Amino acid sequence: MKMGIRRYVLTKPFKIEGKNVWGFNSHIIFSPSSDFGWYLYNPKDQSEMPLNCQNMHHSKNNLFAKNGDSKMHVLEHILPLRWMGLDMVHIHGSPWPPYLTTQEMWDKLFKSGFLCETDDFIQNFKIEGTSNSLKRGSVVRQASIAPRESSRFRCGFDNIYINVHINYKGVGKLDKFYTLSNFENITGIYSQGFPKYRFIVCKLFEVLFKWPHLNRVVWARKRPNIQTLILWSNHRALDIFGCLAAIDHKKLPSDFQYFSHCGGHKHDLIATKKLKHV
């Protein structure tokens, strides 16, 4: 059984630069904070806004937050760094950060020499009650979270259970289960390329505007459907971990089960905003 998630802190600010999802130069700066937790920093008034789900919003393709003039998109890929132990940090930079996987960001932070492993652990909290986000239509989309009973051999972060069900027309459907023990296997997954016409659009952008990310998308046309579905499910699970990390900006949830049926960022955020925890 794991003791917990060991806390890592930064000793100095570290800037990560690269091309954002649109292909433009961008950056994100990770800086030490004086308090536990994660914050969105506004350099103009030097304020720190807690990065929790109550302060976050969703669009069709990502989660974002705004603190005055400071805005940060794609938080679902940044916040999973909390499950890797990064704490006491505030972030700011370009509204659209570099298009990197969670693992790539972690590797850059680790290689910076500014990341320090501490002797203590991230504090956890137990979910209280259930929460559900449901949309009925031609496709039922749902996200739900509920407490999971702990035992002597299964408690805390070892008692996290995420069930992802995806169904993509023309590609197939898949049910897959995740725990924190296999979290490290999904942190390097690129975004899914769907619907299929997006490949043609992105290929044109690559040719006409030198869009740099064509090979950093998981396209169904490049592999068997089952392999594509596994990668897409892994990416969906990472998005869920990212949203769950925002229930509380200082602690991480434990002892819960999460179910996603054809859900997305909107359903994750609605479900987490409804939650109570202790």
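Predicted model: local features only at pLDDT ≥ 70, side-chain atom pairs only at ≥ 80, totals over all residues.
View 1. Five strands form an open sheet in the order 2-3-9-4-5, and their pairing is mixed. At the edges lie strand 2 (14-19) and strand 5 (47-50), each of which pairs on one side only, and from one strand to the next the twist averages 30 degrees. In general, the strands of a sheet pair through backbone hydrogen bonds, and they may do so in a parallel or an antiparallel sense. Strand 4 (residues 38-42) pairs with strand 5 in the antiparallel sense, over 4 bridges, and within this part of the sheet Tyr 39 stands opposite Pro 50 in strand 5.

**View 2. The largest cavity and its lining.** When the whole structure is searched for cavities of 30 Å³ or more, 1 is found, and the largest cavity has a volume of about 70 Å³. Its lining includes His 77, Tyr 99, Leu 100, Thr 101 and Thr 102, and also Thr 187, Ile 189, Tyr 190, Ser 191 and Leu 238. By residue type, this lining divides into 5 nonpolar and 5 polar residues, with no charged ones.

View 3. A disulfide is a covalent bond that joins the sulfur atoms of two cysteines, and a search of the whole structure finds 0 disulfides. Cys 155 counts as partly exposed because its relative accessibility is 28%, a value that falls between the cut-offs of 20% and 50%. Cys 202, by contrast, counts as buried because its relative accessibility is 17%, which is under the 20% cut-off.

Conventions: Residues numbered from 1 in each chain as written. Heavy atoms only, no water. 1 Å grid on protein atoms, 1.4 Å probe; cavity = no way out; pocket = protein on both sides within 12 Å on 5 of 7 lines; lining within 4 Å. Points joined across faces, edges and corners; volume = space filled by probe spheres on them. Nonpolar A, V, L, I, M, F, W, Y, C, P; charged D, E, K, R; others polar. Disulfide = S-S within 2.5 Å. Buried < 20%, exposed > 50% of the residue type's maximum accessible area, 1.4 Å probe, protein only. Pairing = 2+ DSSP bridges. Helix = DSSP H or I, 4+ residues; strand = E, 2+ residues; numbered from the N terminus. Axes fitted to C-alpha atoms, helices over the stretch in contact; angles between N-to-C directions.
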